[in-house]
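This report goes through a protein model one part at a time. Please keep the sequence and the structure in view while reading.

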Amino acid sequence: MTFTIPIDNGDAVKNAEADSQRTLYPYVTGTSIVAIKYKDGVLMASDMGGSYGSTLRYKNIERVKAIGKHSLLGASGEISDFQEILRYLDELILNDNMWDDGNSLGPKEVHNYLTRVMYNRRNKFNPLWNTLVLGGIKNGESYLGMVSMIGVSFEDNHIATGFGNHLARPILRDEWHADLSFEDGVKLLEKCMRVLLYRDRSAINKLQIAKITEEGVTVSQPYSLKTFWEFQAFHNPTAGAEGSW
Amino acid sequence: MDLNLDAPHSMGTTIIGVTYNGGVVLGADSRTSTGMYVANRASDKITQLTDNVYVCRSGSAADSQVVSDYVRYFLHQHTIQLGQPATVKVSANLIRMLAYNNKNMLQTGLIVGGWDKYEGGKIYGIPLGGTVVEQPFAIGGSGSSYLYGFFDQAWKENMTKEEAEQLVVKAVSLAIARDGASGGVVRTVIINEEGVTRNFYPGDQLQLWHEELEPQNSLLDILNAAGPEPMAM
């Protein structure tokens with residue numbers, strides 16, 4: 001069955017056998033996700049951008065999705081892998097519903113499932129190139145955690161991925177507290193998202209904030225944040241030092 | 001100068017898909033290159049999948065051909081089993097299946113466009129990696145880099161069929177002007193409830209852009225037209 005064809009450009013073909021099951025690099029990527037626990041559940045914010053290298057190619061990608069009745073999943077990283085994960089979760093939720101036993105998968109269970117999937121792919125050197133944020137609430141208990149593409153998994157009161165790790169986390173550490181109201185929660189997330197908009201090249205000014213409470217999931221309409229440019233120092237930064245920046 | 005005639009055939013390309021009030025218009029250039037040589041200057045990059053769904057191909061010519069061949073085959077069977085025309089969404093999803101599961105080996109970006117009775121005219125972009133994105137319009141290929149700004153300004157919802165086709169032809173023509181990997185003629189395919197129309201716009205029928213000159217048969221025509229002493233200082 002195997003016959004060797006002498007091929008000049010054989011490298012691609014020979015390596016294809018070995019590398020056929022390795023994701024080497026992402027193509028269309030989403031940037032940060034920021035999420036917090038608050039009084040009634042969890043709030044999760046993301047922008048709607050899909051970058052293609054340095055090009056801000058897609059501006060209408062929803063990176064936060066409802067999973068079953070009790071969870072929200074946000075993803076940064078490769079969008080095609082996120083779409084595949086949503087298919088896996090569709091199947092998971094479907095099978096859960098088919099039991100028809102009155103039970104439904106909560107955020108803890110979904111997080112565990114995702115952790116297993118991500119870690120096992122990592123072990124095969126074929127990761128799903130995403131950092132996933134799983135938030136939810138079931139029976140009054142709110143839950144927020146994340147899983148990275150190498151299978152690192154943990155829970156916390158506030159989560160940030162990508163650039164958010166560096167820019168949003170310090171803000172959240174300082175200003176998050178238990179029992180935030182919805183308004184304070186949204187303002188806190190918007191503070192983080194505004195900083196990301198200023199300082200993350202792959203961020204776009206079109207975001208959605210999703211809320212999950214015992215009642216269910218709401219994803220806001222897409223909207224834009226106002227930005228501030230009226231610092232005196234911005235008006236003439238190089239006066240007296242021409243050529244500087 | 002190394003023309004690198006052994007380089008893989010690649011469609012540098014400009015491909016576009018646009019929805020309008022009643023259907024879709026797909027457009028593409030016609031250049032296929034191997035390295036710096038133009039292997040085919042009149043290629044047809046808009047390929048039929050079913051009676052009502054077409055795909056614009058970019059990237060590796062071989063990869064895009066084989067993917068569209070497989071999907072045409074699957075859709076043919078699907079149509080027989082379903083008993084009615086396949087939907088654009090199903091076509092896009094089959095492309096996605098091949099593009100995603102073979103992401104390490106394929107290098108092709110595709111735009112699927114068509115019309116079905118459930119959703120009307122729809123465009124799906126499927127870039128490298130196998131992401132599927134439903135869009136009111138999509139651009140792809142190396143020439144698309146020069147069109148992001150153009151579409152940001154020129155695109156509007158609910159165009160007529162004529163406006164949509166004019167937009168597509170203008171855009172491909174602009175991309176050809178600046179992208180060395182795009183060239184030749186502009187081909188368009190219009191798909192709606194009534195059916196499919198193929199159009200062909202050779203270079204000389206297109207508008208001239210910045211620093212482009214009106215084509216002539218010969219310098220001699222210019223010299224003769226200008227009068228008896230055209231080269232006197």
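Does Asp44(B) count as buried, partly exposed or exposed? Asp44(B) counts as partly exposed, because its relative accessibility is 33% and the partly exposed class lies between the buried limit of under 20% and the exposed limit of over 50%. The model is a predicted one, and the values below are computed from it.

**Salt bridges**

Asp44(B) has a partner: its side chain and that of Arg198(B) meet in a salt bridge, with N and O 3.0 Å apart. This pair links distant parts of the chain, since Asp44(B) sits in the loop between β5 (37–40) and β6 (46–48) of chain B, while Arg198(B) belongs to strand β13 of chain B, 154 residues apart. Arg198(B) is partly exposed, with a relative accessible area of 40%.

A second salt bridge in chain B joins the side chains of Glu134(B) and Lys122(B), at 3.5 Å from N to O. Glu134(B) is in strand β10 (residues 133–135) of chain B and Lys122(B) is in strand β9 (residues 120–126) of chain B, so this pair ties together parts that are 12 residues apart in sequence. Glu134(B) counts as partly exposed at 42% relative accessibility, whereas Lys122(B) counts as buried at 17%.

In chain A, Lys65(A) forms a salt bridge with Glu62(A), and the closest N and O atoms are 3.5 Å apart. Lys65(A) is partly exposed, with a relative accessible area of 29%, and Glu62(A) is partly exposed too, with 36%. Over all chains the count comes to 11 salt bridges. The table lists some of them.

| Salt bridge | N to O distance |
|---|---|
| Asp44(B) and Arg198(B) | 3.0 Å |
| Glu134(B) and Lys122(B) | 3.5 Å |
| Lys65(A) and Glu62(A) | 3.5 Å |
| Glu84(A) and Arg96(B) | 3.2 Å |

**Where the chains meet**

The pair of Glu84(A) and Arg96(B) is a salt bridge between side chains of two chains. Between chain A and chain B the count is 2 salt bridges. Across this interface there are also 11 residue pairs in polar contact, both residues being at pLDDT 80 or more. Elements of chain A that give two or more residues to the side touching chain B are α1 (10–19), β5 (55–58) and α2 (79–98). The largest share of that side, 6 residues, comes from α2(A).

How many residues of chain A are in contact with chain B? There are 22 of them, and they are in contact with 17 residues of chain B. The size of an interface is often given as the accessible area lost when the parts come together. Here chain A and chain B bury about 1,700 Å² between them, with 48% of it on carbon and sulfur atoms. On the side of chain A, Tyr27(A), Arg57(A) and Tyr58(A) lose the most area to chain B, together 30% of what that side buries.

**Chain B as a whole**

Chain B has 5 helices and 13 strands. Its C-alpha atoms fill a box of roughly 75 × 45 × 30 Å along the principal axes. Of its 233 residues, 49% count as buried. Among contacts in chain B with a separation of 6 or more, 63% are between residues 24 or more positions apart.

**A buried threonine**

Thr14(B) is in the loop between β1 (9–11) and β2 (15–20) of chain B. Thr14(B) counts as buried, because its relative accessibility is 0%. Apart from neighbours within four places in sequence, Thr14(B) is in contact with residues including Gly27(B), Asp29(B), Gly140(B), Leu147(B) and Val172(B). Ser182(B) is another of its contacts, and the side chains of Thr14(B) and Ser182(B) are joined by a polar contact of 2.8 Å. The C-alpha atoms of Thr14(B) and Tyr146(B) are 9.5 Å apart in space, although the two residues are 132 residues apart in sequence.

**Surface and loops**

Tyr198(A), in helix α5 (residues 182–199) of chain A, is partly exposed with a relative accessible area of 35%. Together with Phe228(A), Trp229(A), Phe231(A) and Phe234(A), Tyr198(A) makes a nonpolar surface patch of about 560 Å².

Asp179(A) lies in the loop between α4 (164–175) and α5 of chain A and is exposed, with a relative accessible area of 58%. Glu211(B) is in the loop between β13 (196–201) and α5 (219–226) of chain B and counts as exposed at 70% relative accessibility.

Key:
Residues are numbered from 1 along each chain as its sequence is written. Chains are lettered from A and ligands numbered from 1 in the order in which they are written. Side-chain values use heavy atoms; hydrogens and water are left out. Patches are made of residues with over 30% relative accessible area and no salt bridge: like charges are joined within 9 Å, nonpolar side chains (Val, Leu, Ile, Met, Phe, Trp, Tyr) within 5 Å. Accessible areas come from the Shrake-Rupley method with a 1.4 Å probe; for residues, only the protein chains shown count as cover. A salt bridge is a side-chain nitrogen of Lys or Arg within 4 Å of a carboxyl oxygen of Asp or Glu. Helices (H or I, at least four residues) and strands (E, at least two) are DSSP runs, numbered from the N terminus. Buried means under 20% relative accessible area, exposed over 50%, partly exposed in between (1.4 Å probe, protein chains only). Contact means heavy atoms within 4.5 Å. A polar contact is a pair of N or O atoms within 3.5 Å; within protein, one must be able to donate a hydrogen and the other to accept it, and residues adjacent in sequence count only if both atoms are side-chain atoms. Buried area is the accessible area (1.4 Å probe) that two parts lose on being put together, summed over both.
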